[in-house]
Amino acid sequence: MHPLNKNRPLRRIVLASAVTASGLVMLLALKPHTAPEVASAPQVVSTPAPSGSASGKAVAGTKTVNGDTVQTRWGPVQVKITVQNGKITDVTAIQSPSDNPRDQEINSYALPQLKSEALAAQSASIDTVSGATYTSDGYRQSLQSALDSAGL
Amino acid sequence: MADTVTDPAEAPAALRHAEEVMGTVFSFDIRGGEPEAVRTALDHAVAQLHRVNEVFSTYRDDSQVSRLARGELTLAECDAEVAMVLELGAEAEQVSAGWFSTTYEGRLDPTGIVKGWAAERAAELIAAADGVSGVSVNGGGDVQMFGTPGAHRPWRVGVSDPLRPGGLAAVISAAGADELAVATSGTAERGAHIVDPSTGKSAVTDLVAVTVVAPRLTWADCWATAAFAMGSREGLGWLESLPDVEALLITAGDEVRCTGGLAARLG
């Protein structure tokens with residue numbers, strides 16, 4: 001038999017949770033129509049755990065991470081990720097294009113989608129991403145960068 | 001030992017670091033370990049990466065490898081690592097029947113093996129630090145992992161979908177393996193010159209990405225590069241023949257093919 005016959009071509013492996021990670025990254029990774037601005041270092045703000053247990057471990061706190069500002073074809077987008085007990089609990093845009101009605105229309109569906117997809121990426125619970133080698137600039141717009149800044 | 005009942009904070013402490021070097025970014029994720037020992041190991045690993053870049057870069061005229069290629073240095077005059085990497089490269093060239101090579105256009109160019117080897121060595125160095133329970137080093141998209149990220153959880157690696165930017169084609173789990181590497185070669189690859197050894201010209205491939213899963217990144221990276229150049233038919237057959245190697249190949253026609261044992265690694 002031909003050696004290839006034992007290698008069944010798989011249908012595309014669809015991982016519901018993984019595929020939905022794309023939304024988050026697409027917002028982060030859309031080809032900019034202008035050169036991407038140099039991203040600022042992620043800013044991490046920690047707040048103490050709301051009352052809760054007396055253990056007082058740092059991990060139990062709520063952490064918000066401001067992602068890098070990314071140029072999308074719609075304009076600059078920056079997201080804030082809220083992490084509680086090591087889980088993403090919320091994603092909000094702290095900067096998004098809103099200059100005209102079209103921007104506002106896009107925001108009305110793109111931003112809620114970003115949130116649900118980031119939460120889904122969380123449920124795929126991947127630690128890291130393998131892909132064709134990225135450049136330093138490419139890294140800033142990658143899911144790996146988002147994973148690194150979220151520090152999960 | 002103030003053990004309380006299943007505290008989520010029982011997971012080992014994590015130290016994250018991203019370092020820009022070799023034209024890309026290396027991401028470190030270290031779990032557990034004695035904090036000072038971990039910090040020292042990380043600093044050492046990062047310094048080593050910069051040193052590797054200085055010695056091996058083909059973009060720098062004054063690197064040892066550039067000077068070796070021009071005949072200004074002998075191999076014996078270079079750092080010991082140069083001979084070591086060239087030997088690994090020669091082995092990869094032999095195993096892949098020339099599809100992987102450290103020579104490009106008649107000139108010495110070990111770029112294709114250096115990054116994977118360097119990331120593997122960095123992960124190894126950190127894994128040896130006191131009390132470290134898990135480490136993952138991602139060198140620009142190629143990952144070496146040791147141990148586990150938590151007591152009841154394996155490392156999990158998303159594989160980028162080359163045809164759906166931002167999407168994942170698969171998730172690889174390191175469950176049951178104390179060491180695992182995942183390397184991907186693709187059309188977006190930089191730094192690796194892919195040549196058909198039979199023609200000496202740029203390889204014509206029907207693939208857009210090859211992801212190789214193997215215990216060590218040096219080899220996973222070389223095999224991904226070689227199989228990508230071979231194309232889906234020859235590449236898959238060849239990868240099947242290698243021990244301890246599993247792979248996922250994606251063609252330009254959006255067909256996914258994989259080695260027989262890959263399913264056991266899909267998370």
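Student: Why does B:S232 count as buried?

Tutor: B:S232 has 23 C-beta neighbours inside 10 Å. The cut-off for buried is 20 or more. So B:S232 counts as buried. Keep in mind that this is a predicted model.

Student: Where is B:S232 found?

Tutor: B:S232 sits in helix 6 of chain B, residues 232-241.

Student: What does B:S232 touch, not counting residues up to four places away in sequence?

Tutor: B:S232 touches B:D206, B:L207, B:L249, B:T251 and B:R257. Take B:R257: 25 residues separate it from B:S232 in sequence. In space, the two are 7.9 Å apart, C-alpha to C-alpha.

Student: What makes B:F100 count as buried?

Tutor: Again, set the value against the cut-off. B:F100 has 29 C-beta neighbours inside 10 Å. Buried needs 20 or more. Therefore B:F100 counts as buried. B:F100 lies in a loop, between helix 3 and strand 3 of chain B.

Student: Which residues are in contact with B:F100, leaving aside neighbours within four places in sequence?

Tutor: They are B:A92, B:E93, B:G112, B:C222, B:T225 and B:A226. As for B:I194, it is 94 residues from B:F100 along the chain. Their C-alpha atoms are separated by 7.8 Å.

Student: Why are helix 4 and helix 5 of chain B called roughly antiparallel?

Tutor: They pack at an angle of about 150°. Angles over 145 degrees count as roughly antiparallel. Helix 4 and helix 5 of chain B are therefore roughly antiparallel. Their axes are 7 Å apart, and the crossing is right-handed.

Student: Which residues make the contact of helix 4 with helix 5 of chain B?

Tutor: Helix 4 of chain B brings B:G112, B:I113, B:G116, B:W117, B:A119 and B:E120. Helix 5 of chain B brings B:L217, B:T218, B:A220, B:D221, B:C222 and B:T225. By class, that is six nonpolar, four polar and two charged residues.

Student: What makes helix 3 and helix 4 of chain B roughly perpendicular?

Tutor: Their packing angle is about 115°. The range for roughly perpendicular is 65 to 115 degrees. Helix 3 and helix 4 of chain B are therefore roughly perpendicular to each other. The axes lie 10 Å apart. This crossing is right-handed.

Student: Which residues make the contact of helix 3 with helix 4 of chain B?

Tutor: From helix 3 of chain B come B:V85, B:L88, B:G89 and B:A92. From helix 4 of chain B come B:I113, B:V114 and B:W117. Six of these residues are nonpolar, one is polar and none is charged.

Student: How many residues are in the largest nonpolar core?

Tutor: It has 81 residues. Those with the most contacts inside it are B:I126, B:V212, B:A220, B:W223, B:A227 and B:A247. Helix 5 of chain B, residues 217-230, gives the most to this core, with 11 residues.

Student: What is B:W223 in contact with, beyond its neighbours within four places in sequence?

Tutor: B:W223 is in contact with B:V212, B:A214, B:L239, B:L242 and B:V245.

Student: How many helices and strands are there in chain A?

Tutor: Chain A has four helices and seven strands. From the N terminus on, they run β-α-β-β-β-β-β-α-β-α-α. Of its 152 residues, 36% are buried.

Note on methods:
Residues are numbered from 1 along each chain as its sequence is written. Chains are lettered from A and ligands numbered from 1 in the order in which they are written. This is a predicted model: local features need pLDDT of at least 70, side-chain atom pairs count only at pLDDT 80 or more; totals for chains, interfaces and linings use all residues. A nonpolar core is a set of buried Ala, Val, Leu, Ile, Met, Phe, Trp, Tyr and Cys residues joined through C-beta atoms within 7 Å. A residue is buried if 20 or more other C-beta atoms lie within 10 Å of its own, exposed if 12 or fewer, and partly exposed in between; C-beta atoms are placed from the backbone. Helices (H or I, at least four residues) and strands (E, at least two) are DSSP runs, numbered from the N terminus. Two residues are in contact if their C-beta atoms, placed from the backbone, lie within 7 Å. Axes are lines fitted to C-alpha atoms, for helices over the stretch in contact, and angles run from 0 to 180 degrees between N-to-C directions. Angles under 35 degrees count as roughly parallel, over 145 as roughly antiparallel, 65 to 115 as roughly perpendicular and the rest as oblique. A crossing is left-handed if the near helix is turned anticlockwise from the far one by less than a right angle, and right-handed if clockwise. Ala, Val, Leu, Ile, Met, Phe, Trp, Tyr, Cys and Pro count as nonpolar, Asp, Glu, Lys and Arg as charged, and the others, Gly among them, as polar.
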